[in-house]
Amino acid sequence: MIMMPDGIVKIHSRMPWHSCCEVRVMQLHDILLLRTSAILPASYIHNFGIMYAVLIKERSTKILRPIEKLIEKRKEEFIRNNLMSDEFIDFIQQNKKPMDKLLSYYACAIMEVETKFRVLDHQYSLEYDRNPIEDIKSRVKSWESLIKKVRRKEIPLTLSSIEESIHDIAGVRVVCSFPDDIYMLADCLLNQDDITLIEKKDYIKNPKPGGYRSLHLIISVPIFLQDEKRMVTVEVQLRTIAMDFWASLEHKIRYKKNIPEDKALYLQNEMLECAEISADLDRRMQNVRDVISKNVPKEEKIPFLGEMI
């Protein structure tokens, strides 16, 4: 930057770009003062300001880029030499194997419970020509979900603590045709001498505030291994088709993000109303079945809950 004899400030076109980075804020301020005296044209000030900002950014980038590359290189070396080493892989496998073994017990318990329900459904079908079960779904909690729950509930990271404190590692969901079928199947399951009821929550008679309805049973069921019998905890959920439809959609909506507060309140009220409509549909369909069953001959009559127990 040169002050000409006539008082006009000019920026030398051959000035090295890196030299421009040495310009200080005070120098830029001085130029702006010159502009207020109508000495420096506005275009000069504008162009110099842009150049000043861009070059400072370029200089910072040139300084930081090698550092970023070095950090990235060190990170790759650490992963390759430590996290991908044979010793570390062996360590993971040794510590993961007991958890995999535990989860396999829960998978076996699910098969036991599913079989019990399928037997009940088959027997009911043979005797009354009707299947009370529409569908059976099951799952074992994933590693990720299990670790998150351990962290959220502040449970010690030991197998015994996980078994004692988390009762929904294995889950079986039974979808029924009518509300009466839910209680009939639950009673038939709990009457079996190898099933132990740990906890029961009836969200059908006492729905959750948001409208959720289902019958939850926490049970203990034996699995027979090569050299031992082991009791395993399973969560059983029984619900109607309508309850399952509502719960599935509510689960998807619940995890939607970035919903404005006013819309969130509207959706909450709408889902609650839908839950009431769903419950009313169940009651009406149950009534239709009851009316039909009362008009058929006695030998063909479909039994009510009290007649099954």
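**Close-up views of a predicted protein model**

**View 1. The whole protein at a glance.** The protein has 10 helices and 7 strands; helices (H or I, at least four residues) and strands (E, at least two) are DSSP runs numbered from the N terminus. This is a predicted model, where local features need pLDDT of at least 70 and side-chain atom pairs count only at pLDDT 80 or more, while totals for chains, interfaces and linings use all residues. Residues are numbered from 1 along each chain as its sequence is written, and side-chain values use heavy atoms, with hydrogens and water left out. Of the 309 residues, 33% count as buried (under 20% relative accessible area; exposed is over 50%, partly exposed in between, with a 1.4 Å probe and protein chains only).

**View 2. Lysine 141 and the residues around it.** Look for lysine 141 in the loop between strand S3 (133–140) and helix H5 (143–152). Lysine 141 is buried, at a relative accessible area of 15%. Leaving aside residues up to four places away in sequence, lysine 141 touches Leu103, Leu146, Lys149, Asp168 and Ile169; a contact means heavy atoms within 4.5 Å.

View 3. Side chains of opposite charge can pair when their charged atoms come close. In a salt bridge, a side-chain nitrogen of Lys or Arg is within 4 Å of a carboxyl oxygen of Asp or Glu, and this structure holds 13 of them. In the one between lysine 149 and aspartate 168, the closest N and O atoms are 2.9 Å apart. The pair links distant parts of the chain, 19 residues apart: lysine 149 belongs to helix H5, and aspartate 168 to the loop between helix H6 (159–165) and strand S4 (170–176). Both lysine 149 and aspartate 168 are buried.

**View 4. Glutamate 276 meets arginine 213.** Here the side chains form a salt bridge, at 3.4 Å from N to O. Glutamate 276 lies in helix H9 and arginine 213 in the loop between strand S5 (196–202) and strand S6 (215–224), so the pair ties together parts 63 residues apart in sequence. Glutamate 276 is partly exposed at 41% relative accessibility, whereas arginine 213 is buried at 11%.

**View 5. A network of salt bridges.** Four residues are linked here: Arg130, Asp181, Arg289 and Asp290. Arginine 289 and aspartate 290 are both buried.
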